[in-house]
Number of protein chains: 2
Amino acid sequence: MKALGLDVLVEAGAGLASRILDADYEAAGARIVGPEEAKAADVVLKVRRPTTAEISTYKPGAIVIATMDPYGNEAAIAEMAKAGLTAFAMELMPRITRAQSMDILSSQANLAGYQAVIDAAYEFDRAMPMMMTAAGTVPAAKVFVMGAGVAGLQAIATARRLGAAVSATDVRPAAKEQVASLGAKFIAVEDDEFKAAETAGGYAKEMSKEYQAKQAALVADHIAKQDIVITTALIPGRPAPRLVTRQMLSAMKTGSVAVDLAVERGGNIEGSEAGKVVEVEGVKVIGYLNVPGRIAASASALYAKNLFTFLETMVDKETKSVSVNAEDELVKATMLTHGGSVVHPNFGGAAVHEGEGK
Amino acid sequence: MKALGLDVLVEAGAGLASRILDADYEAAGARIVGPEEAKAADVVLKVRRPTTAEISTYKPGAIVIATMDPYGNEAAIAEMAKAGLTAFAMELMPRITRAQSMDILSSQANLAGYQAVIDAAYEFDRAMPMMMTAAGTVPAAKVFVMGAGVAGLQAIATARRLGAAVSATDVRPAAKEQVASLGAKFIAVEDDEFKAAETAGGYAKEMSKEYQAKQAALVADHIAKQDIVITTALIPGRPAPRLVTRQMLSAMKTGSVAVDLAVERGGNIEGSEAGKVVEVEGVKVIGYLNVPGRIAASASALYAKNLFTFLETMVDKETKSVSVNAEDELVKATMLTHGGSVVHPNFGGAAVHEGEGK
């Protein structure tokens, strides 16, 4: 950011959890300040949505860019509007080529998929790869990944790296080829509904009850033979779909492991508990919260790059000033509040008027 | 064992930690019994050396095969001799081709090497593989493996699988080629002493003070650039050599990880604590005990095969009886006690007389 000509303030101790010392920020040209000096900032970059206390320290008109978790938090959004903040929700970034480098959901999901396999391997009481030794052969672990989006694909890749026998499922037909390209077996009921299922947004749509029942039967049969199941299915703005029931878990071998990456949104696995590893029907069910944060240094590096790239689109390199172009499709997609009002249509706001850029 | 014509008794609940139910043993033809029925057994197969209480339940003349941990436990060996047991220490199995399938040190070290990397990845706050994403590149973790025996080689292979940049060191010149064949970089002071260092037993010998100092300087310099260090250096019958000092740890980046697989024998890493993950000079030092037991199902399967193969050499397939051939080099190497006396020369016994087989 210094290269863009901006002055950078960093709150004291901000980087500790990601192994970045205040001195490192200073070496990079930033000034270390206390939280009260946020008042001076034209732009505030954060990981999470600011609290009420934090909002009161920001100056009206300041730009706040963060993971806003907006769905279901309309009151907090209204608070930011009232404080006169121009707030951007990074998770609403559109999935278009230009915004790829700003896509926090992809960058963090990628890490979550990796860490899900590490967590599973850690809890699993056998080795993952096939080991052919003088004392006999340890069979490769059977890993089943449910939901082959960014997290699922990285989970497949990581489990394959570790030598597991990997299969995966997804309701989007496009996933079939991606799963196969990573060397995993694709498991799905491939009927007409399945073939019609991919939506423009790149997310899965919710399938019919009939399809879900057929898929559940196929999956139940498959899960009973697995050592490790990793679920990654999310539907934007809705609770996570229930993919694995207690009954399916009870059909798995004792000591099997299941990882629920959707636990924050209600969970894909029956019995999973947020923030815990619990035993359900003899299966260890892992439900850690904020899984990318478990590899904080990597998560932080990628998130910072996402924020930086987005901020860069608002900086005028000549005048070294920051301005918001309300016509930019990235701004349209992510701006929650501006000029005292909630402006995002998904959260009760009318779209910003033409030419209203700050 | 049933196939050898033997009757098999299994203590109730014996396999629980390795996910084997009593019913599974019964299905395989074994009879489930209480601990008191050990009295009836001609042969007792165990994981660990029997306790005094257990010894009292065995019949005189019974063969006991286990991991005896004999060095420093001469009193316990004498106790087994006094009880009239014929006790075999599996860890004394000679490293010859014929005994490869009975080599518990190799089979368990292999698993320990794998698990050391999983434990390190779990504690590490970054991803192991290089990840080239739209939001920038996560660099590959740098992993340094000290001691390239069976455990070290599996650690190298597993870290490579996960995409880490791996280097390794060993005082045995033969290790150089093995390390390179796994795609890792070999780090060692390669002077004349190094070239002369390999001993017949396949283990490292203790090096001179001068060599150790030169190697320590090279290693200190190298460690400072690593993210993860895994130490696996053991010298039979002696305390583990100190390879990593506090000073070396303090030169590593904050948040780095070190795994001490030699912690049970005093540790290769200064500050490592048996059974714990501790922070030493900003580095997470992992010192779990019985690391193969952390993947109990695999460890148990391989150990059982080791025991079985050894026992098989004592079974007469015609008469379906068990007899010990004192002339067998496997028996000579592993038999601790027989006929009321300690017989192993390393533990104060004279070698067994010719023709004294039971």
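Biologist: Which residue in strand 4 of chain A is the bridge partner of A:V44?

Modeller: Strands are DSSP runs of E, at least two residues, and helices are runs of H or I, at least four, numbered from the N terminus. Strand 3 (residues 43–48) of chain A runs parallel to strand 4 of chain A, and four bridges join them. Two strands pair if DSSP finds at least two bridges between them. In strand 4, A:V44 has as its bridge partner A:V64.

Biologist: What pLDDT do local features need here?

Modeller: Residues are numbered from 1 along each chain as its sequence is written, chains are lettered from A and ligands numbered from 1 in the order in which they are written, and side-chain values use heavy atoms, leaving out hydrogens and water. This is a predicted model: totals for chains, interfaces and linings use all residues, side-chain atom pairs count only at pLDDT 80 or more, and local features need pLDDT of at least 70.

Biologist: Back to strand 4. Which residue in strand 5 of chain A stands opposite A:V64?

Modeller: Strand 4 of chain A also runs parallel to strand 5 (residues 86–89) of chain A, with four bridges between them. There, A:V64 faces A:A87.

Biologist: How many residues of strand 4 (residues 63–67) of chain A are buried?

Modeller: Buried means under 20% relative accessible area, exposed over 50%, partly exposed in between (1.4 Å probe, protein chains only). A:I63, A:I65 and A:T67 point one way, A:V64 and A:A66 the other, and all are buried. The count for strand 4 of chain A is five of its five.

Biologist: Next, A:E54. Which backbone nitrogen does its side chain reach?

Modeller: A:E54 lies in helix 2 (residues 52–55) of chain A and is partly exposed, at 27% relative accessible area. Its side chain makes a polar contact of 3.3 Å with that of A:K46. A polar contact is a pair of N or O atoms within 3.5 Å; within protein, one must be able to donate a hydrogen and the other to accept it, and residues adjacent in sequence count only if both atoms are side-chain atoms. At 2.9 Å, the side chain of A:E54 also reaches the backbone nitrogen of A:T51.

Biologist: A:S298 now. Is it buried or exposed? And which residue's backbone nitrogen does its side chain reach?

Modeller: A:S298 sits in helix 10 (residues 296–312) of chain A. A relative accessible area of 1% makes A:S298 buried. Leaving aside neighbours within four places in sequence, A:S298 has contacts (heavy atoms within 4.5 Å) with A:L111, B:D125, B:R126, B:A127 and B:V138. At 3.0 Å, its side chain reaches the backbone nitrogen of B:A127.

Biologist: How are the two copies related?

Modeller: Two copies of a chain are related by a rotation about an axis and a shift along it. Here 180 degrees of rotation with 0.0 Å of shift superposes chain A on chain B, RMSD 0.1 Å, by least squares on C-alpha atoms of residues with pLDDT of at least 70 in both. The copies are therefore related as by a two-fold rotation axis.

Biologist: Which residue of chain A has its C-alpha nearest the axis?

Modeller: The two chains superpose by a rotation of 180 degrees. The C-alpha nearest that axis, 2.6 Å from it, belongs in chain A to A:R161.

Biologist: Why do the copies meet through the same surface?

Modeller: Look at the interface residues of chain A. The copies share one surface because the fraction of these that are also interface residues in chain B is 100%.

Biologist: In chain B, which residue stands opposite B:V278?

Modeller: Seven strands of chain B form an open, mixed sheet in the order 10-9-8-11-12-14-13. Strand 10 (185–186) and strand 13 (276–280) stand at its edges, each with a single partner strand, so one side of each lacks a neighbour in the sheet. Strand 13 and strand 14 of chain B run antiparallel, joined by five bridges. In strand 14, the residue opposite B:V278 is B:V285.

Biologist: Which residue in that hairpin takes a positive phi?

Modeller: Strand 14 (residues 283–287) of chain B has four of its five residues buried. Two residues lie between strand 13 and strand 14 of chain B, and the positive phi, near 55 degrees, is taken by B:E281.
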